[in-house]
Amino acid sequence: MTAPSRPPLKSITPTTATPHAAPQPVDTSAVGEPKGVAEGVPIAVRPDPQTGDGRYPVAWLHICAPRGAVPTATSKCLCGRDRSAVGKARVLALIEDHTAHRDECPLRTPQEGRTAA
C-alpha cells in the first residue's frame, strides 16, 4: 500500500528588518462642520449633567472566605471606623457589629435630634 499523499506545506513569508510606514490617507479639503454634527451642538465632551439621588457610600464591609481557608473581613466607614477580623467566629461577630454601626454612625444619623445619654 502506498502512503496517502499530503498537501504541500505553506511557505513562511519572510519578514523584513526595517519597518515600513503605514499608508496615509489622501488630504481632502475640509468645508463646514464635521459630518453627523447638528447645528448648535457642541463637539466638546462635557460631564454628564445627570446627578444622582444624593446618596453615596459611607461604610464598606469586605469579606473574603475562600473554600478551605480561614475567612477574613474588614469593616471601614468614612467616620473613621476601621476594624478587621480573622476566623469564622470573629468574622461573624464583625458582620453583626458592622450592621449595628449603621444605626450608630454619626454620618448616617443626624446628631441634632438625638438626646444625650
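Predicted model: local features only at pLDDT ≥ 70, side-chain atom pairs only at ≥ 80, totals over all residues.
Biologist: How many salt bridges does a search of the whole structure find?

Modeller: Side chains of opposite charge can pair when their charged atoms come close. In this model, Arg81 pairs with Asp97, and Asp97 also pairs with Arg83. The search of the whole structure gives a count of 2 salt bridges.

Biologist: How far apart in sequence are the parts that the pair of Arg81 and Asp97 ties together?

Modeller: The closest N and O atoms of Arg81 and Asp97 are 2.1 Å apart, and the two residues form a salt bridge. Arg81 lies in the loop between strand S2 (72–77) and strand S3 (82–86), whereas Asp97 lies in helix H1, so the pair ties together parts whose separation in sequence is 16 residues.

Biologist: Which elements hold Asp97 and Arg83?

Modeller: Asp97 forms a salt bridge with Arg83, with 2.8 Å between the closest N and O atoms. The pair ties together parts that are 14 residues apart in sequence, because Asp97 lies in helix H1 and Arg83 in strand S3.

Biologist: Which residues are linked in a network of salt bridges?

Modeller: Asp97 has a salt bridge with Arg81 and another with Arg83. The linked residues are therefore Arg81, Arg83 and Asp97.

Biologist: Is Arg81 buried or exposed?

Modeller: The cut-off for a buried residue is under 20% relative accessible area. Arg81 has 11% relative accessibility, so Arg81 counts as buried.

Biologist: With which side chain does the side chain of Arg81 make a polar contact at 2.5 Å?

Modeller: Leaving aside residues up to four places away in sequence, Arg81 touches Ser75, Lys76, Asp97, His98 and His101. The polar contact at 2.5 Å is made with the side chain of Ser75.

Biologist: How many disulfides does a search of the whole structure find?

Modeller: A disulfide is a covalent bond between the sulfur atoms of two cysteines. The search of the whole structure returns a count of 0 disulfides.

Biologist: Which cysteine has the sulfur nearest to that of Cys105, which is in no disulfide?

Modeller: A disulfide requires cysteine sulfur atoms within 2.5 Å. For Cys105, the nearest cysteine sulfur is 3.5 Å away, so Cys105 is in no disulfide. That nearest sulfur belongs to Cys77.

Biologist: Is Cys105 buried or exposed?

Modeller: Residues under 20% relative accessible area are classed as buried. At 1% relative accessibility, Cys105 is therefore buried.

Biologist: What is the area of the nonpolar surface patch made by Tyr56, Trp60, Leu78 and Leu107?

Modeller: Trp60 belongs to strand S1 (residues 59–64) and is partly exposed, with a relative accessible area of 42%. Together, Tyr56, Trp60, Leu78 and Leu107 make a nonpolar surface patch of about 460 Å².

Biologist: Which residue supplies the backbone oxygen that the side chain of Thr99 reaches?

Modeller: Thr99 is placed in helix H1 (residues 88–104). Thr99 is partly exposed, with a relative accessible area of 42%. At 2.9 Å, its side chain reaches the backbone oxygen of Ile95.

Biologist: How far apart in space are Thr99 and Ala59, C-alpha to C-alpha?

Modeller: In sequence, Thr99 and Ala59 are 40 residues apart. In space, their C-alpha to C-alpha distance is 10.0 Å.

Key
Residues numbered from 1 in each chain as written. Heavy atoms only, no water. Helix = DSSP H or I, 4+ residues; strand = E, 2+ residues; numbered from the N terminus. Buried < 20%, exposed > 50% of the residue type's maximum accessible area, 1.4 Å probe, protein only. Polar contact = N/O pair within 3.5 Å; in protein donor to acceptor, adjacent residues only side chain to side chain. Patch = residues over 30% accessible without salt bridge, like charges linked within 9 Å, V, L, I, M, F, W, Y side chains within 5 Å. Areas by Shrake-Rupley, 256 points an atom, 1.4 Å probe, with all protein chains shown as cover. Salt bridge = Lys/Arg side-chain N within 4 Å of Asp/Glu carboxyl O. Contact = heavy atoms within 4.5 Å.
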